[in-house]
Amino acid sequence: MSTSRARKSPVAARLERENAQDEVYERIYTAIVEHRLHPGTKLVEERLAEIFGTSRARIREVLARMAHEQIVELIPQRGAYVARPTIEQAMHVFEARRLIEPAVLRRLIENLSPERVARLRHHCELEQDARRRDDKRSVVRLSGEFHILIAEQAGNTALARQMRELATLTCLIIVLYDAPTSSTCLADEHSEIIDAIARRDVALAESLMLEHLQHIERSLKLEPATEEVDLEAIFQS
C-alpha cells in the first residue's frame, strides 16, 4: 500500500483527535460529578497524560474546555484545579437555574412526544435502581443528568449546554457546602415533575421544579461565617 493511501485524510485525523479528546473529557467530567475528584483537586497534566495514554497538549485542550465551562480553574504558574465555587457563585448558580429550568420545561412540553416522556421515565428508573443499590456515586451523577436530559429533550442545544454547566457546578457546590447527598435531589420529586410534564401541565411542572431547586438550595450551608474567632480562647492552655 502506498504511503499516500495509508496516510489518514485530514478530516479523519481531526475526527480521531476530537473523539479521543471527548473521551478524556467525559472521564474527567464523570469523576467530578460523581465526587471522586473533589473541588480544589490539582489536575496535573503530565500525570493525566500518562493515565489516559495521550499527549499533554491534548490534556491541556481538555482542561481549557473545562475552564471555559467553569468546572476547572486555571491558575497561572500553578496549573489546573477542580473549581471551588464561592458562596456568591453558588447563589448565582441557583438564581440562574430558577430562571432557566422553567423555560426549559415550557419548551419541552410544547414539543412533547411519548418517546421523550419514556426517555425521562427510563432515566428516573435508573436513579431509583442506583438508590436501591446504595450506589451513591451513580445517584449523584444521575440526579444531575436528569436536569440535563430535560434540557436535551426540549431540543435547544444552547440551553442543554448551559444546563450541563449549571448541573455540574451544582455537584461541586454540594460537595463544598456539606449537603447530604441522599436528600439533595430526591427521586420522587423527579417522578412528580415527569408526571406533570406527561400531563402537559406547565404551571404544575414549573412549580414542582422551583420547589425541587429550593429543597436542594436549602439543604446547603450558603451563609458566610459571621462568628468572630476568639484566638485567645483557641490557644489558651
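1. Helix 5 gives the most, with four residues. The space in the largest pocket comes to about 280 Å³.

2. Next, the strands. Strand 2 (residues 72-75) runs antiparallel to strand 3, and four bridges join them. In this pairing Val72 stands opposite Val82. The hairpin of strand 2 and strand 3 has three residues between the strands. Within this hairpin, Gln77 takes a positive phi near 70°.

3. Strand 3 (residues 79-82) also pairs with strand 1 (residues 42-43). That pairing is antiparallel too, with two bridges. Here Lys42 stands opposite Tyr81.

4. Helix 11 covers residues 202-218, 17 residues in total. From first C-alpha to last it reaches 24 Å, close to the 24 Å expected at 1.5 Å a residue. Its buried residues are Ala205, Glu206, Leu208, Met209, His212, Leu213, Ile216 and Glu217. Note that Glu206 and Glu217 are on that buried list.

5. Now confidence. Mean pLDDT for the protein is 86, and 82% of its residues reach 70 or more. Over residues 1-5, pLDDT stays under 50. For residues 1-5 the model has one contact beyond four places in sequence. Where pLDDT is low, predicted coordinates should not be read in detail.

How values were computed. Residues numbered from 1 in each chain as written. Predicted model: local features only at pLDDT ≥ 70, side-chain atom pairs only at ≥ 80, totals over all residues. Heavy atoms only, no water. Pairing = 2+ DSSP bridges. pLDDT = per-residue confidence, 0-100. Contact = heavy atoms within 4.5 Å. Expected span 1.5 Å × (residues − 1). Buried < 20%, exposed > 50% of the residue type's maximum accessible area, 1.4 Å probe, protein only. 1 Å grid on protein atoms, 1.4 Å probe; cavity = no way out; pocket = protein on both sides within 12 Å on 5 of 7 lines; lining within 4 Å. Points joined across faces, edges and corners; volume = space filled by probe spheres on them.
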